[in-house]
Amino acid sequence: MIDQLLVFDKVVKRFGDFTAVKEMNLSIGKGEFVAIMGPSGCGKTTTLRMLAGLEQPTRGEIRLDGRVMNDVRPHERDTPMVWQSLALFPFLTARKNVEFGLRMRGMDATKRRDKALLWLDRLGMSEFAERDISTLSGGQKQRVALARSLVTEPPILLLDEPLSALDAHLVIRMQSVLTNLQRELGITFVYVTHSQSEAFAMADRVVIMSQGEVAQVGEPKDIYRAPANRFVAEFVGRNNIISGKVKSQSKGKVVIDAPSGTFSVAATKSAVPKTGDDATFVISADLVKLSVTKPKSENMIPATLISEEFIGSVVTLFLESADGQEFKVQVQERELATLDLKSTKTFYLSWPASSAHLLTGA
Amino acid sequence: MMLERGLTWFLRIYIGVIFLFIFTPIAFSIVFSFNSQRFPTVPLGEFSTQWYDTVLADPDVWQAALTSIIVSVCASAIATLLGFCTAYSDYRYSFRFKGAYLALILLPPTIPLIIMALAMLAWFSKIGASGQVWSIIVAHSVLTAPFAMAIIRLRLNQMDENLEAAAWNLGASEWSAMRHVVLPFCKPAIVSAACLCAAVSFDEFAIAWFVSGLNKTVPVMILEIVTGNIDPRVNAIGSFVFVTSMTLVVVAQIFFSTKQIRKSAGETG
């Protein structure tokens, strides 16, 4: 177990009648890259602002390195943040922006200048040190903002959707800049985003929030393959969610009777439903096999094609079974060429029981 | 297409005519101030600076100019400070009766000047403070503070709402953030507001006339000259007042409209 740097202990944040964060419990380790992800209004930004001291928890405790942070003023913390709007000081040059934190700590002019230049250099910005902020591009501003936050060598860096204003190709580049930095520095990154690709690409662990509550915490691949509940399953990627009643169970398999058919699902240790219980399982769109002839499989359902979505090497097909349940299937683009989409009336969807994942929460 | 063109030309001519109406009298005043003849008639006499010489030789004019400068500088400083504080409190905080608070602050320019002047006079004589230079300063501060507030408030609107928080986040206390972030950000608006308040105070006549007593400001003196007789000295003083005010307004405009185009390459410190 890694050392805990940051602990949320039953943290509640209310704004009047609105509860932004409900009873949050979360531990973040030293040197961990944690992404907090969720739709807008889920409380992720409020969580980050509480870490920076810009909001006070209504109840509960936030501890940083064992110290209770609830009443520590923002400027007395060492929790620098990279803002969504970047919030660079427009009347200062890139270098003076970076120097700001050191200046507030009373470091003398030559020392802080050297240090600021060092950090600008580290982020590949040394030639822009004396430039006005307004003359820099989005990606360059981003690097200045990073240098400004890291120059004081903090134990933790907070990032509030820092890449949301950048072009797609720049996002990919900045992602590797961020992950490399985090690894080299070995400090904790808490990264708030609504983008699944950003969170999954960079984070060691992902926290999914919904309506002020933590819906799931785990490594990206666990969250992707084994969502804990319906919200996560819907929020994360292309999942087919099927609900029904448990018909029987044996040898680690659960058989579920759903309106669209009878399916068998691998049982998990945490989810052991009884016969007759309501049960929901997910089957990820990329694990569904699409065929023209009826396959021999434990889970098989005929469906008709409704529409397709082409996004490059992968195509998502939307199909509908006889009872109206929608299915999403992801197929490689080159694979699709072998299928005759136009004249085929009925496709067969199939998957092994081990690919399906039973949800623990409803 | 034709219609649009016609409209454009109409608007251009319209603006030209407006400027003509506003500036022709002033231009005449300036022209006659260099005219050797006593009465403003055409054809003009010879070019002469005699009226300026007379004005400059008059100690009363110097005294009035000095009073005007002291009043406008002090009033603009006080009004800008008040304006900044109210603009910032409006920007940063929300509290009960904020609407009433703002209405109260923005009230002075809506009151007819003459009523405000009478009220000021009544109040100052009640507390035994009429006829003092500082009573004009107080009156002018009240009159011009709303302008300062409006200009600075507009600038604060352009400030990223996270800019101050970013400063705290980097270790600046609230006072440091004010000094190192909010004030530098508002600097163009503050300079602009100060210039504009100074210009308004320098030109203002009604309140100054009621409140000033023996400490005449330049506009008050001009009125006293013209009530006596037609005196070309007025043209000379008027030109001076016009140039001063225009300079202040132009400076204000430059500071307010230019963005921070500061080529800071090579700047150190």
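Colleague: Which residue of β4(A) does L6(A) stand opposite?

Modeller: In this predicted model, L6(A) stands opposite L64(A) in β4(A).

Colleague: What makes β1(A) and β4(A) a pair?

Modeller: Two strands pair if DSSP finds at least two bridges between them. Strand β1 (residues 4-15) of chain A and strand β4 (residues 59-64) of chain A are joined by five bridges, in the antiparallel sense.

Colleague: What is the strand order in the open sheet of five strands in chain A?

Modeller: That sheet runs β15-β19-β16-β17-β18 (chain A), again with antiparallel pairing. Here β15 (289-291) and β18 of chain A stand at the edges; each has a single partner strand, so one side of each is without a neighbour in the sheet. From one strand to the next, the twist averages 45°.

Colleague: How do you know that β15(A) pairs with β19(A)?

Modeller: Three bridges link β15(A) to strand β19 (residues 347-351) of chain A in the antiparallel sense. As at least two are needed, the two strands count as a pair. The bridge partner of K289(A) in β19(A) is S350(A).

Colleague: How many bridges join β17(A) to β18(A), and what do these strands form?

Modeller: Seven bridges join strand β17 (residues 314-321) of chain A to strand β18 (residues 326-332) of chain A, and the two run antiparallel. V315(A) stands opposite V331(A) in β18(A). The two strands form a hairpin with four residues between them. In its turn, G324(A) has a positive phi of about 95°.

Colleague: Let us turn to chain B. How many helices and strands are there in chain B?

Modeller: Chain B has 11 helices and zero strands. Its C-alpha trace spans about 70 × 65 × 45 Å along the principal axes. Of its 269 residues, 34% count as buried.

Colleague: Why are α8(B) and α11(B) called roughly antiparallel?

Modeller: The axes of α8(B) and helix α11 (residues 233-257) of chain B come within 8 Å and cross at roughly 160°. Angles over 145 degrees count as roughly antiparallel, and the two helices are therefore described in that way. Their crossing is left-handed. Residues of α8(B) that take part include P188(B), C195(B) and F202(B), while those of α11(B) include V241(B), L248(B) and F255(B). The residues of this contact comprise 15 nonpolar, three polar and one charged.

Colleague: What makes α10(B) roughly antiparallel to α11(B)?

Modeller: The axes of helix α10 (residues 218-228) of chain B and α11(B) come within 10 Å and cross at roughly 160°. This angle makes α10(B) roughly antiparallel to α11(B). The contact is made by V218(B), I222(B), I225(B) and V226(B) of α10(B) with R233(B), V234(B), I237(B), G238(B) and V241(B) of α11(B). Seven of the contact residues are nonpolar, one is polar and one is charged. The crossing is left-handed.

Colleague: How many residues of chain B are in contact with chain A?

Modeller: 20 residues of chain B are in contact with 19 residues of chain A. α7(B) gives the most to this side of chain B, with five residues. By class, the side has 10 nonpolar, eight polar and two charged residues.

Key. Residues numbered from 1 in each chain as written. Chains lettered and ligands numbered in written order. Predicted model: local features only at pLDDT ≥ 70, side-chain atom pairs only at ≥ 80, totals over all residues. Contact = placed C-beta atoms within 7 Å. Nonpolar A, V, L, I, M, F, W, Y, C, P; charged D, E, K, R; others polar. Axes fitted to C-alpha atoms, helices over the stretch in contact; angles between N-to-C directions. Parallel < 35°, antiparallel > 145°, perpendicular 65-115°, else oblique. Left-handed = near helix turned anticlockwise from the far one by under 90°. Buried ≥ 20, exposed ≤ 12 C-beta atoms within 10 Å, placed from the backbone.
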